[in-house]
Amino acid sequence: MEGAAKKGFPVIGFVFLVLALVKFVQGDDWVVWFILGIVFGGLGAFGLRKNGEGAGE
């Protein structure tokens with residue numbers, strides 16, 4: 001269970017990014033949702049490494 005938090009998928013941040021996209025398409029205010037998505041780690045979902053590509057392995 002070592003490093004489980006680092007290896008986990010940032011679900012909350014990704015949900016906020018999806019909500020920002022929906023609000024953008026609807027023409028509503030989307031900037032706050034985008035910022036929350038970044039703060040909660042939503043952009044980390046795009047940079048996840050596969051098993052075995054970690055540093056020091």
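## Contact between α2 and α3

In this predicted model, helix α2 contributes Gly13, Phe16, Leu17, Leu19, Ala20 and Lys23 to a contact with Trp33, Phe34, Leu36, Gly37 and Ile38 of helix α3. By class, the residues of this contact are eight nonpolar, two polar and one charged.

## Helix geometry

Two packed helices are described by the angle between their axes and the distance between the axes. Helix α2 covers residues 11-26 and helix α3 covers residues 31-39; their axes are 7 Å apart, at an angle of about 160°. Angles over 145 degrees count as roughly antiparallel, so α2 is roughly antiparallel to α3. The crossing of the two helices, α2 and α3, is left-handed.

## Phe16

Phe16 is part of helix α2. Its relative accessibility is 18%, so Phe16 counts as buried. Leaving aside residues up to four places away in sequence, Phe16 touches Trp33, Leu36, Gly37 and Phe40. Phe16 and Gly37 are 21 residues apart along the chain, and their C-alpha atoms are separated by 4.6 Å. Phe16 also belongs to one aromatic cluster with Trp33 and Phe40.

## Aromatic pairs

There are four aromatic pairs in the structure. In one of them, Phe24 and Trp30, the ring centres are 5.3 Å apart and the planes stand at 80°, so the pair is edge-to-face. Trp30 also pairs with Phe34: the centres are 6.1 Å apart and the planes are at 70°, which makes this pair edge-to-face.

Trp30 has a relative accessibility of 32% and counts as partly exposed. Phe34, at 34% relative accessibility, counts as partly exposed.

Technical notes
Residues numbered from 1 in each chain as written. Predicted model: local features only at pLDDT ≥ 70, side-chain atom pairs only at ≥ 80, totals over all residues. Heavy atoms only, no water. Axes fitted to C-alpha atoms, helices over the stretch in contact; angles between N-to-C directions. Helix = DSSP H or I, 4+ residues; strand = E, 2+ residues; numbered from the N terminus. Parallel < 35°, antiparallel > 145°, perpendicular 65-115°, else oblique. Left-handed = near helix turned anticlockwise from the far one by under 90°. Contact = heavy atoms within 4.5 Å. Nonpolar A, V, L, I, M, F, W, Y, C, P; charged D, E, K, R; others polar. Buried < 20%, exposed > 50% of the residue type's maximum accessible area, 1.4 Å probe, protein only. Phe/Tyr/Trp six-rings, centres within 6.5 Å; stacked < 30°, edge-to-face > 60°.
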